[in-house]
Amino acid sequence: MKKSGCAMLVPSMRCVRYTFKMVRDRARVKRFLDDYGKVFAVSFFVIAIGVTIFFLYSLTLPKKLHVTFFDVGQGDSILIQTPSGHEVLIDGGATSLVVKKLSKKMGYFDKHLDVMIATHDDADHITGLVPTLARYEVGTVITSSVDGTSGIDRELDSAVMREGAQVHVGVQGEYVDFGDGVVMHTLYPLTRDEHGDTNDASVVTLITYGKHSFLLTGDLSKEREPQALTEELPSSVTVYKAGHHGSKTSSGEALLSRIHPEYVVISAGRDNKYGHPHKETLERLTKYSKEILSTSERGDIEFVSDGESVEVVTEQ
């Protein structure tokens, strides 16, 4: 049917009203931008300047080393974070708890560890490394030369192979310079052909940064400790992790009288079946150190250093 002239005018009038509305809306937008555009521009400029100043200020702040002794119950696990962002995990405890600890400390999206050290093949040191390898990309794994007997060492070997990390047996005299002032020395074992007890094949590590140092001896016995007293050791160390969770078989007089630690950290489970730390060990540690901290009492224990001073932060 042919539309009448009036009927044909209806869409046209609607079009006119729509066009007028658009013009009116554009005018409102223009007035809005005129009124508030300068405010937005100034705000953006101020924010940009603030971010730039904060960034430049952060560059002037002292770069800090973080060494955290995780509370993983009866076991060892230590995270080293260097000022330039390198991360080293030494041991992983007896459970998968370390994975949760790492996520909290490193951040959820950080999935890279430069170095992982399995000091020796006892389950209370390496069990947590297996799930860690499944979750994190690991560049290099440093191990002991003596295989364990618990079976978890074979699981760790398989996990390392799946990860494709470089594997290196630690030996005295080696070191890693991270290029930011932090140097990681291997003080023990003497050779890559150690045999016998897993504890006495423990990889001993010394971390140095400026005036401060951290000595980590795994479960090395007091009979073997003198072999780790190399020239790299300062006359006194800032932090000594008590060997073998405070057992009487470690932390001997020869070592303690040489290093005179400012702080001692004991990594042991509360009311553990081994009675760690032993009374005679505590007596020796008290004699040669200034302060003893235990993960069973303080939770995670973190040391933060700019190379000049050191700060202690505990979970409890």
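**Aromatic cluster, nonpolar cores and salt bridges**

Ring pairs link Phe69, Phe214, Tyr263 and Phe303 into a cluster, where rings of Phe, Tyr and Trp (its six-membered ring) pair if their centres lie within 6.5 Å, with planes under 30 degrees apart counted as stacked, over 60 as edge-to-face and the rest as tilted. The model is predicted, so that local features need pLDDT of at least 70 and side-chain atom pairs count only at pLDDT 80 or more, whereas totals for chains, interfaces and linings use all residues. Residues are numbered from 1 along each chain as its sequence is written, and side-chain values use heavy atoms, with hydrogens and water left out.

Of the 316 residues of the protein, 46% count as buried, a term that means under 20% relative accessible area, with exposed meaning over 50% and partly exposed in between (1.4 Å probe, protein chains only). The largest nonpolar core has 24 residues, and Phe69 and Phe303 are among those with the most contacts inside it, as are Leu65 and Ile207; such a core is a set of buried Ala, Val, Leu, Ile, Met, Phe, Trp, Tyr and Cys residues joined through side-chain atoms within 4.5 Å. Strand S1 (residues 65–69) gives the most to this core, with three residues, strands (E, at least two residues) and helices (H or I, at least four) being DSSP runs numbered from the N terminus. A second, separate core of 23 residues includes Val99, Leu113, Leu133 and Tyr136.

Tyr108 and Phe109 form an edge-to-face aromatic pair, with 5.2 Å from centre to centre and 90 degrees between the planes. Tyr108 is exposed, at a relative accessible area of 52%, and Phe109 is likewise exposed, at 76%. Lys111 lies over the face of Tyr108, at 4.3 Å from the ring centre, a position that requires NZ of Lys or CZ of Arg to be within 6 Å of the ring centre and within 35 degrees of the ring normal.

Six salt bridges are counted, each being a side-chain nitrogen of Lys or Arg within 4 Å of a carboxyl oxygen of Asp or Glu. In one of these, the side chains of Lys101 and Asp300 meet at 2.9 Å, N to O, and the pair links helix H2 (residues 97–106) with the loop between helix H8 (295–298) and strand S14 (301–305), 199 residues apart. Both Lys101 and Asp300 are buried. Glu302 forms a salt bridge with Lys105, the closest N and O atoms being 2.7 Å apart; Glu302 is buried, at 12% relative accessible area, while Lys105 is partly exposed, at 28%.
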